[in-house]
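Visitor: I am new to this structure. Please take me in for a close look at one part.

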There are 2 protein chains.
Amino acid sequence: MGRICKLELNEKIIETPLLLPVVNVKDEPISCHELQKEFGIKALMTNAYLLRKYFEKEVMNIGVHKFFDFNGIILTDSGAFQLKKFGRIDVSNEEIIEFQKYIKPDIGVILDTPTRNENRREVIKSVRETIKSAKELKKISRGDILWCGPIQGGMFVDLLKKSCEEMTKFNFDIYSVGIPLIYYENYDFEKIIKICLNAKLNLPKSKPLHTFGAGHPIIFSFLVLLGYDIFDSASYVLFAKDNRYMTEYGTKKLEELDYFPCNCKVCASKKPSEVREMMREDRIKFLAMHNLHTCIKEIDTIKQAIRENRLWELCKIRSLSHPNLNRAFRYLLKHSKFFEKFEPIRKRSSIFLFDKEDFSRPEIRRAIKRLKQRIGSNKVPLSLKNYTYPFCQVTGLNPFELHKKKKGDISTIREIADFQFGNGTGKILFPDNVKIIKSEKTGRIRKIFLNGKLIATLRARDGFFALRIEGAKLLKNALKFPNYRVIICNDKKVQQLISEGKNLFAKFVKNCDMKIIPREEVLVVDEDDNLIAVGEAVLNAEEMLEFKRGLAVKVREGII
Amino acid sequence: MGRICKLELNEKIIETPLLLPVVNVKDEPISCHELQKEFGIKALMTNAYLLRKYFEKEVMNIGVHKFFDFNGIILTDSGAFQLKKFGRIDVSNEEIIEFQKYIKPDIGVILDTPTRNENRREVIKSVRETIKSAKELKKISRGDILWCGPIQGGMFVDLLKKSCEEMTKFNFDIYSVGIPLIYYENYDFEKIIKICLNAKLNLPKSKPLHTFGAGHPIIFSFLVLLGYDIFDSASYVLFAKDNRYMTEYGTKKLEELDYFPCNCKVCASKKPSEVREMMREDRIKFLAMHNLHTCIKEIDTIKQAIRENRLWELCKIRSLSHPNLNRAFRYLLKHSKFFEKFEPIRKRSSIFLFDKEDFSRPEIRRAIKRLKQRIGSNKVPLSLKNYTYPFCQVTGLNPFELHKKKKGDISTIREIADFQFGNGTGKILFPDNVKIIKSEKTGRIRKIFLNGKLIATLRARDGFFALRIEGAKLLKNALKFPNYRVIICNDKKVQQLISEGKNLFAKFVKNCDMKIIPREEVLVVDEDDNLIAVGEAVLNAEEMLEFKRGLAVKVREGII
């Protein structure tokens, strides 16, 4: 579910996964100017409640951006967490909403009632009161800013679901999932992951997802894997004040460090013993800078892992940071069925499998399921083993049993097509008189022609077929409606453009085969099932129907 | 076996594990001046053969340190690797030895004949010729410099052992283990680890151990775990020239990077797309700098892991970099018996156990063995579970079965003593009339008195007894000679100092119980088994007898 997206707001564009450093309203060790200049920070979070309490007039006079001298994106938290922590409630939801509308951050948060590790009755209350705040926002208008909808419910899955359902009705711009702080304090990662997974599954996929207070790099990769886009970290400073040094595999006390396991700018400049000797203020600044560098590095490491299709592998590495995180990883593997419809159907990179538990990875489970359904066997035929993801790209332990019988070229391509599109499609897509062209260099099957026309290319990277329109016509005959179809809206102009080969945007998708998975070959058709184009799904079915922006299908060839 | 040591030579002191960047004799992207100033490099390696070929006169005139404008430690490789690679042998061993003696690096290497991935006959030749070179060195005198003895034999374990035995006779200052390059090229980590383990077991423990060409951070932690102290890396530049970007978990091609998973100085300054656009020279410098930063960071990460007793955990994390490295890690676990006598008997940190394979870790195997021998049970009694390493410090999966019977305080301390010193010792060390003092805060056993005298403290951290001299007297009665004894040489002056409580240096150790493991409590006695002091072993038995320098026993209390 991990994704790299562009978030556009107030004409500012920012990439997610995104870390918002939390900036305190007074005496921050790292100024906003430094955050922007030294760290390239383009978005930050601060606290509306404390701004109002200490600097109401200043900030109302000049607005929150000028107050912080920061022209990036500012998210103001309502301060509910602080309020609940200290038990003082001296501001109403309306007041804090109006205040935020006035000081104009890019994103505001309504006054929620955070769930802690409480009994059911109290959690019900926190869910209910947060919904009440959302209703109030609806009544008093949103102003010019975007709004986060906080999700409560904690470990009570039914309440969490209820919270997701109810809050979704208010069409918030971003959803922010609350995690009881105590789970972080106790390294109770399995609970955190459980809440985050359940919230993700019950929230709209098209909205950016934020989780409150996940400020430590040890957990970032897991949350991104679960489809979370935005994190905030006050910890980089709070830990620094407590002489704690973050690494992507856990927290160290400054006193126990003889060497810095880091090469960030600040760590390269000093030894731990020298940092221990610093004045308190300088030491806090040093540690806060290191901690923030480490958080940013981990976000970049995660993004690179997404690009390489290696996020599961990265999470597995991070899962060795602590046995509790390892348990959380096993929890994810146990629930990997939820990931199957999000995992691209084919990838370029090899899959590293280290132990039998890795066989539960969604790519592997799904491949075994399709093998049974579409080839009617538990064994992998040579055709797939030689050509097709994931069978040909597994490195390390092998979860697949091999069927070693050699087959001719025509059987090979039909078998691959059966696996890709369903049992029996191979024979229709590739009639007996196809011409198979092989690579001169490698001797491997590359292109399939029929009556002199190219109908499909067998991709060298992943062994799936890329269809041309002539192939798509044949496939359509082999597949009952609505299998592998994306149905576009009844707009002649749009249909014309797509039939000419333009890409299909999500907003023009009327309906689709609900089994479509990202990167599958799909047939673009009109409502009467007339073929318009063939291409590659960028989103899964659910996302195609839900998203209002962005590509749904990268069209390879139109009917014209 | 991982260790942090000080290497002293020519009045320069340097800490190991140590990475020597290899500096080419011509056009290096990073100058020696930069290496020293920007990277804090205090030791480097270069090639005597190429120096002689291209700059013979200059370097003979001014010496190798002035030639490179580098006042740190310089190791000159003989260039045998290059010679063999290109098949030209236009220099003799004597010539290259004399040349090195003349240009005065701190450390030289004789002309060896590297083992490649060859047949047995050729490997025999490489072992023999290297021994012949060593004999020649002995004949023509060593000059003022230290010498590395190269070890050959590769995957032929008997030849490797032979090479170790023969080369050891020449008393080299450093031993350098050769690994066929092809194993690195093929990611054949299991073979590399096998050669390194077998060499380590057959070489003197008191000498620094170097392995040629292990220049990638992916493997450093494994080699340090195996007791290797010095590495050299030409790869940081060679990879850069090939647009390859090192990470501690593998190599990336620059072209496949969208984000830098790193926060070193250079990576923080540019985006991958910008680096791709650089002029070739600048790009090589950029990548070489990043690669070297990454290597140095990994060495620091390893050192910190050693300090935290977490090197096994770090290796396990790194083992997820690639399935082949994972296989090498499993090989180490299968051969963990070789580590048992090096692993400290007690540690401060908890042990993270993630899966059943981790139960083969040497601390766990050894503890289970001792449990059987000394307590006569497979089950862990509550006393040990509550107090003593490793039983009380296991986090994650638990490899131990628990014996839940509660016992009184006196049984508890006797059981712990039996585990620490051997069956039956508890009863003699702690007679019925001992007085047990507990912590007021925690209620846990802290100190044991007998007749008003402190005899032992039960360490809060690890639940082992620290003995006072009165306790040592009792223990001596319980243990037959030479159990738990370190016997010092017959030097009255030394005996006097130690009986006053001074520490015992290895060079004064005459003999000892061959079962002693680092951090065990030991009795320091004279040759007639008269007790002189009690303290904590710093080395294991083999090391105590072999080392000529450094502490053998940290004395807690002398008899006087």
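Is A:Glu166 buried or exposed?

Guide: A:Glu166 is buried, with a relative accessible area of 17%. Here buried means under 20% relative accessible area, exposed means over 50%, and partly exposed lies in between (1.4 Å probe, protein chains only).

A word on the ground rules. This is a predicted model, where local features need pLDDT of at least 70 and side-chain atom pairs count only at pLDDT 80 or more, while totals for chains, interfaces and linings use all residues. Residues are numbered from 1 along each chain as its sequence is written, chains are lettered from A and ligands numbered from 1 in the order in which they are written, and side-chain values use heavy atoms, with hydrogens and water left out.

Now the partner. A:Glu166 forms a salt bridge with A:Lys162, at 3.5 Å from N to O. A salt bridge is a side-chain nitrogen of Lys or Arg within 4 Å of a carboxyl oxygen of Asp or Glu. Side chains of opposite charge can pair when their charged atoms come close. A:Lys162 is partly exposed, with a relative accessible area of 43%. Both residues sit in helix α6 of chain A, residues 157-168. They are 4 residues apart, about one turn of the helix. Helices (H or I, at least four residues) and strands (E, at least two) are DSSP runs, numbered from the N terminus.

Compare that with another pair. A:Glu340 and A:Lys369 meet in a salt bridge of 2.7 Å, N to O. A:Glu340 lies in the loop between α15 (323-334) and β13 (351-353) of chain A, and A:Lys369 in helix α16 (residues 362-375), so this pair ties together parts that are 29 residues apart in sequence. A:Glu340 is buried, at a relative accessible area of 10%. A:Lys369 is partly exposed, at 38%.

B:Arg365 forms a salt bridge with B:Glu340, and their closest N and O atoms are 3.2 Å apart. B:Arg365 lies in helix α16 (residues 362-375) of chain B and B:Glu340 in the loop between α15 (323-334) and β13 (351-353), so the two tie together parts 25 residues apart in sequence. B:Glu340 is buried, at 9%. B:Arg365 counts as partly exposed, at 29%.

Some salt bridges join up. A:Arg346, A:Arg459, A:Asp462, A:Arg519, A:Glu521, A:Glu536 and A:Arg556 are linked in a network of them. Over all chains, the count comes to 96 salt bridges.
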